[in-house]
Amino acid sequence: MNPGTVVLAVLFALVVITVFMGVRLVPQGYEFVVQRLGKYHTTLKPGLNFIIPYVDIVAYRLTTKDIALEIGAQEAITKDNAVIVANAIAFIKVIDPVKAVYGISNYEYAIQNLVMTSLRAIIGEMELDKALSSRDIIKARLKEIISDDVTDWGILVKSVEIQDIKPSDSMQKAMEQQATAERLKRAMILEAEGKKEAVIREAEGKLEAAKLEAEAQVTLAEASAKAIQDIAGAVGEKELPALFLLGDRYVNAIQKLSVSANAKTFVLPADILQAVKGIAGRS
């Protein structure tokens, strides 16, 4: 091959490579950071851009679209020494590529760790019940804290969402045991109160029955006394009517005794009249 042709081919290839190196097509949603001789020179926006070959190089390619950063589950201790597990997701956007690449070595890693430490600090200021029921408060405080810290990195924190927040496995078991103990305690209290009420009502019933029985006995005694007085007034010194009344009651009592289920053998006195006189205290 002719040496001249070879030289021309090499020169042509060199020109093509040089032109190719001087043209940069930036896709939509991205920005390229260009360095000239090792120092920041410019930022290429989406579209067709030109740089000086061999002098300028594209050092960083950054997306300007929203970035979702997963914050892994981690344990945090609340103000009342309860252990809970929480994870989150942060939505960020690069608004200044120069600060993002020169302000910190790895902004995604830094923001992830910043969210984790801030989340633990916020939960540590709350008690368990409040931490589990205050997602919006935690989210707002996280965004406020992170936004202040990442301003120098050219990052905009759009939102921070708490994906899940719950007690740890050991804490859940302890809470379940506590709830079971509380239920048993309430059941025992209700049972004790029921027994107490039953005893009180039974005692009140017995007291009322005793009062009624006493009143009945008094009434019966008064009636018996009145009957005796009436009989004594009616009989006076006459013996036969009194003996008749006593004999009648005596015979009725013997009759009831004779038909009792416990009565096996019953013997009547030989002289009922003398027995009645003996009851009456007369011979």
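Predicted model: local features only at pLDDT ≥ 70, side-chain atom pairs only at ≥ 80, totals over all residues.
**Confidence**

The score here is pLDDT, the predictor's confidence in each residue, from 0 to 100. Helices (H or I, at least four residues) and strands (E, at least two) are DSSP runs, numbered from the N terminus. For the chain, I noted a mean pLDDT of 80, with 75% of the residues at 70 or more.

Residues are numbered from 1 along each chain as its sequence is written, and side-chain values use heavy atoms, with hydrogens and water left out.

**The sheet**

I then looked up an open sheet of 3 strands, which runs in the order β3-β2-β5 with antiparallel pairing. Its edge strands, β3 (39-44) and β5 (56-63), each pair on one side only. Strands count as paired if DSSP finds at least two bridges between them. From one strand to the next, the twist averages 30°; axes are lines fitted to C-alpha atoms, for helices over the stretch in contact, and angles run from 0 to 180 degrees between N-to-C directions.

I checked β2 (residues 30-36) against β5 and found antiparallel pairing over 7 bridges. E31 sits opposite L62 in β5.

**Salt bridges**

I get 10 salt bridges in the structure, each a side-chain nitrogen of Lys or Arg within 4 Å of a carboxyl oxygen of Asp or Glu.

R135 and D164 meet at 3.7 Å, N to O. They link distant parts of the chain, with R135 in helix α5 (residues 135-150) and D164 in strand β8 (residues 155-167), 29 residues apart. For exposure I used relative accessible area: buried is under 20%, exposed over 50%, partly exposed in between (1.4 Å probe, protein chains only). R135 is partly exposed at 33%, and D164 is partly exposed at 30%.

E161 and K139 also form a salt bridge, their closest N and O atoms 3.6 Å apart. E161 lies in strand β8 and K139 in helix α5, so the pair ties together parts 22 residues apart in sequence. I also found D136, K139 and E161 linked in a network of salt bridges.

Last, I looked at E197 and R201, whose closest N and O atoms are 2.9 Å apart in a salt bridge. The two are separated by about one helical turn because they are 4 residues apart in helix α6 (residues 169-235). E197 is partly exposed at 37%, whereas R201 is exposed at 54%.
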